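Look at the sequence and the structure below. Then read on for a short tour.

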Amino acid sequence: MDALHWIPAADLARMIAQKQVSPVEVVRAHLERITALDGKLKAFITVCADTALAAARAAEAAVMAGGPLGPLHGVPYGPKDLYATKGIKTTGGSTILADFVPDADATVVARLAAAGMLVLGKTNMHEFAYGPEGLNGHYGDAWNPWDAGTHRVAGGSSSGSGAAVAAGLCPAALGSDTGGSIRIPSSLCGITGIKPTYGRVSRSGVLPLAWSMDHCGPMARTARDCALMLGAMAGYDPADPSTSVLPVPDYTAALTGDVKGLRVGILRAHFTDVAAPEVRAAVEAAARALEQAGARLDDVNLEHVALVPAASFAVVGAEALAYHAGWLRTRNADYQPDVRERLKLGVLVSSNHYLRAQALRARVRQEVDAVLARRDVLLAPATPIPAPALGQKDARLGDGASDVRSALIRFTRPFNFSGHPAISLPCGFTPAGLPVGLQLVGRLFDEATVLRAADAYQRLTDWHTRRPEEMGGSGRPPSPPGA
Amino acid sequence: MLPHMEITLDTLKRLTRLAGFEWEDAELEALRPLAERSLDLLARLDAVDLGETEPATQYRVL
């Protein structure tokens, strides 16, 4: 059997339910891993060793009592440190909230607890989720586990969640995604993470960056793990007026492994065609793998996508400034410099700009809906470049030079803007050994098809089973869990 | 290509005051090049023909 810290969440849940392993052993294995590696990785802001072990003992007792168990019973995970956790400090990656201890859980934290999951600790993040590199001047910059020699960013803003899952510090995590903050670290860290449709998952109890662009979602090793977690998290929440009343399907039932006849549109201009050559090669190969399994490919372009950066700046700039205005007046010096700078630029956004941006948003949503009326999913890289080194400022894309920040969010942000569900999953490695992320985008509220395609791809390939060698992995696929 | 937007320190200071903030001149001066790039970006929104499209202000999609 594999070491416990490399076993995916769905397999751990099955092994726990079948009494092959105790939740206490599982939690201890991950806590030992954190003790050994997190001094360097800085994936966690808070580790909840005592409460996690107490919860694991209770979970073990429930297994031994033989009662009904949740679908993820006894499996530990790490919520990003902007999810409210009752009795556990929730900093938002900032010293402004260094002493904030919520008196209630965020809706999704409560729902995952009901499904049996245990909070192992709170993961690191770009301060207040306002940055795609995942930098944090207060709690340390998360280290991408795929390069032990060079400090490369884990991607943000959910950097700790990406690094923790990739290095085997926890089998699953929660991220939040306003411009790509689940998919970017998933891409750069070689894990699987899904941003659901806007309104599919409650944001109640989650510190906002931009209310109309924020999405909550799971990050884990496999599409199956994400399906299990999303099924537990999703659904209407009276505490979040943006949540949909649509019923939540059984996402795991959609994982048939079958992509015969699946219509896949490859996003070309602005996306795949401008990615770094090694990223493009991996993503093109992934498309061919799906085609060989029976999917039908064609090329797609989105007319208005080039305007998304301007419109997103107007929306996120205005909404983020509105949320932070009070602290910018009273705690200005307590923000890390890049976040303070970005927040202040929000003063430039007029009501005219904001509403024109929201009108463009309607256009982009219609445009994505239109191309998805004739296709089941769209395909592109999740990020145009692999993990950049800490401090790297510039990137070279197929259509010219770009700053790293703009490059990282370029392929993901359009689907925060449109609200469509999108997943990132590993589809290869660069010659330097850095992961490449494949992005699949689906119709509104059709996460099931996105997960089906991702799961089918993971049955065809073993990229998602690779592990960073420096973190104790072999770089090779593991033996099947439970074998 | 739209003309480059320029903003003086004084204009930036007035703008931030109108928004209810009092920030140091040094901080605003450091922000000025970024502010100019951001204004260039926002100007692209002024240039796009949105026809009769209404802003997507309704939160709930379904």
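Two strands count as paired if DSSP finds at least two bridges between them. Keep that rule in mind. The model here is a predicted one.

**The sheet**

Strand 13 (residues 422-429) and strand 14 (residues 435-442) of chain A are joined by seven bridges. These two strands run antiparallel. One of the bridge pairs is F429(A) with P435(A), the latter in strand 14 of chain A. In general, the strands of a sheet pair through backbone hydrogen bonds, either parallel or antiparallel.

**A loop residue**

Now follow the chain past helix 7. P249(A) sits in the loop between helix 7 (223-233) and strand 8 (263-267) of chain A. Is P249(A) buried, exposed or partly exposed? It has 15 C-beta neighbours inside 10 Å, so it counts as partly exposed. A buried residue would need 20 or more, and an exposed one 12 or fewer.

Leaving aside neighbours within four places in sequence, P249(A) is in contact with A254(A) and A448(A). The C-alpha atom of P249(A) is also 9.4 Å from that of D446(A), and these two residues are 197 residues apart along the chain.

**The core**

The largest nonpolar core has 165 residues. Among those with the most contacts inside it are A163(A), M229(A) and L440(A). Helix 9 (residues 308-330) of chain A gives the most to this core, with 11 residues. Beyond its neighbours within four places in sequence, A163(A) has contacts that include L41(A), W143(A), P145(A) and C189(A).

**Where the chains meet**

How many residues does each chain bring to the contact? Chain A brings 36 residues and chain B brings 24 residues. On the chain B side, helix 1 (9-18) and helix 2 (25-47) each supply at least two residues. Helix 2 of chain B gives the most, with nine residues. This side of chain B has 17 nonpolar, four polar and three charged residues.

Technical notes
Residues numbered from 1 in each chain as written. Chains lettered and ligands numbered in written order. Predicted model: local features only at pLDDT ≥ 70, side-chain atom pairs only at ≥ 80, totals over all residues. Contact = placed C-beta atoms within 7 Å. Helix = DSSP H or I, 4+ residues; strand = E, 2+ residues; numbered from the N terminus. Nonpolar A, V, L, I, M, F, W, Y, C, P; charged D, E, K, R; others polar. Core = buried A, V, L, I, M, F, W, Y, C linked by C-beta atoms within 7 Å.
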